[in-house]
Amino acid sequence: NDLTITDWLTQYSEIKDATYVRGFLGRMLFPGEDGIKRVRVLSGGEKVRCMLSKLMISGANVLILDEPTDHLDEEGRELLAQYLSHSRRGFLLVSHDRAFLDRCVDHVLALNRTGPELVKGNFSVWYQEKQDRDRRGQAQNQQLKGEIRRLEQAARRTSAWSDQVEKTKYASKNSGLRPDRGYVGHKSAKMMKRAKSLESRQESAIQEKAALLHDVERAEPLKLAPRAFHSARLLELDRVSIDYGDGPVCGEVSFSLSQGERLCLEGRNGSGKTSLLRLILGEEVPHTGTVRRASGLEISYVSQEVDHLQGALRDFPAEEGIDATQFMTILRKLDFPRAAFEGEMGAYSAGQKKKVLLAASLCRSAHLYVWDEPLNFVDLFSRIQMEELLLEYRPTLLFVEHDEAFRERVATRRVSLPERGLEKTDKDMR
């Protein structure tokens, strides 16, 4: 843990030439003097950069990357996309970052509920084809459902007719007449057989139509109940910089957050974004400058980390003080499997754990929502769900997220944390 990045890569990768490793880092994921940083102080994104650097300087012919952009900042994503798009090595990549996929892939293998689908092209090509196919599928579904309703109505009428035919066997008892029972029985049986045959054909047609219904993948809309605050300004930072004792992590940053804004904090991996959020939440984080937070502010927080989630999911709502029924309903809308409701959270995938944290946050009616990389490990359709939710309910939101498509749709302002000695930038997105 006390090794520098360069020494760690030299010791644990296939390349033992420190000069080569240092040059590689300067060209790729660790420009400047970052190669001298100690591994023990690295942020989550910087650790990802270390693992990617180790992979890049390996002699592997084919690379397998499982969600490599999680925790990785926009600069790192761009560098990785450039590397992959120009590399002579093939790669198999799992990612839900739409902009990143567009920059580096030429085929998409989608694991749909109805089966795998391989499309030539980038993410946008696949998604456009999927939307077109879903629209056609929805139109065909409506037609099929209409035909099924008509067949069901006809089947009910046939069933009623069949019952009426059965009653004709005994109709003469009340009439006082003595008809030829053999003739009536023969005629009744013939009509009954015909009615049952027609009913059977109608049921078969209903089943056949139902089998043709398309499995159109769509996410259920989510709900949120943000609280209004009595004053417009919720938060103000004045010349704040994080400093753990080895000098400031970043330059001084000043900004305010008003009610209704959705402010995205940006910055390189290791620039102190998570530390700044923790400071705003009221945690003890060494810093200079001043943080002013409105009195009585209710905050709902989603942590970047998920490893702390342990224990039974059914006990989680009570521990967090949230409504269990609402919590489980939100999880189901996020496509959380019912079978996992009885499981232990420690055994969940990272994506499932992140959905637990998101669902808990959505259960809370807060003045301010603070989300630290909420989309890490989260699938595409859930990301779109979250976008639609935030655009509909417009809560006051302070967040860190490196998914460019999400930031572009959701953020009303962006504040970039400056590097040491530089000024921060504040960009209004409205």
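Contact here means heavy atoms within 4.5 Å. With that in hand, welcome to a short tour of this predicted model, in which local features need pLDDT of at least 70, side-chain atom pairs count only at pLDDT 80 or more, and totals for chains, interfaces and linings use all residues. Residues are numbered from 1 along each chain as its sequence is written, and side-chain values use heavy atoms, with hydrogens and water left out.

**The chain as a whole**

- The protein chain holds 13 helices and 13 strands; these are DSSP runs numbered from the N terminus, with helices (H or I) of at least four residues and strands (E) of at least two.
- Of its 430 residues, 44% are buried, where buried means under 20% relative accessible area, exposed over 50% and partly exposed in between (1.4 Å probe, protein chains only).
- Among contacts between residues at least 6 apart in sequence, 67% join residues at least 24 apart.

**Around Glu 266**

- Glu 266 sits in strand E7, residues 262–266, and counts as buried because its relative accessible area is 9%.
- Setting aside neighbours within four places in sequence, Glu 266 is in contact with Glu 74, Lys 273, Arg 407, Arg 414, Val 415, Ser 416 and Leu 417.
- With Ser 416, the Glu 266 side chain makes a side-chain polar contact at 3.4 Å. A polar contact is a pair of N or O atoms within 3.5 Å; within protein, one must be able to donate a hydrogen and the other to accept it, and residues adjacent in sequence count only if both atoms are side-chain atoms.

**Helix H12**

- At its start, a side-chain oxygen of Asp 379 comes to within 3.2 Å of the backbone nitrogen of Phe 381.
- Buried residues of H12 include Arg 383, Gln 385 and Glu 387.
- Arg 394 follows H12 and has a positive phi, near 50°.

**Aromatic pairs**

- The whole structure contains eight aromatic pairs; rings of Phe, Tyr and Trp (its six-membered ring) pair if their centres lie within 6.5 Å, with planes under 30 degrees apart stacked, over 60 edge-to-face and the rest tilted.
- Phe 123 and Trp 126 form a tilted pair, because their centres are 5.8 Å apart and their planes at 50°.
- Both lie in helix H6 (residues 123–167), three residues apart, about one turn of the helix.
- Ring pairs link Phe 123, Trp 126 and Tyr 127 into a cluster.
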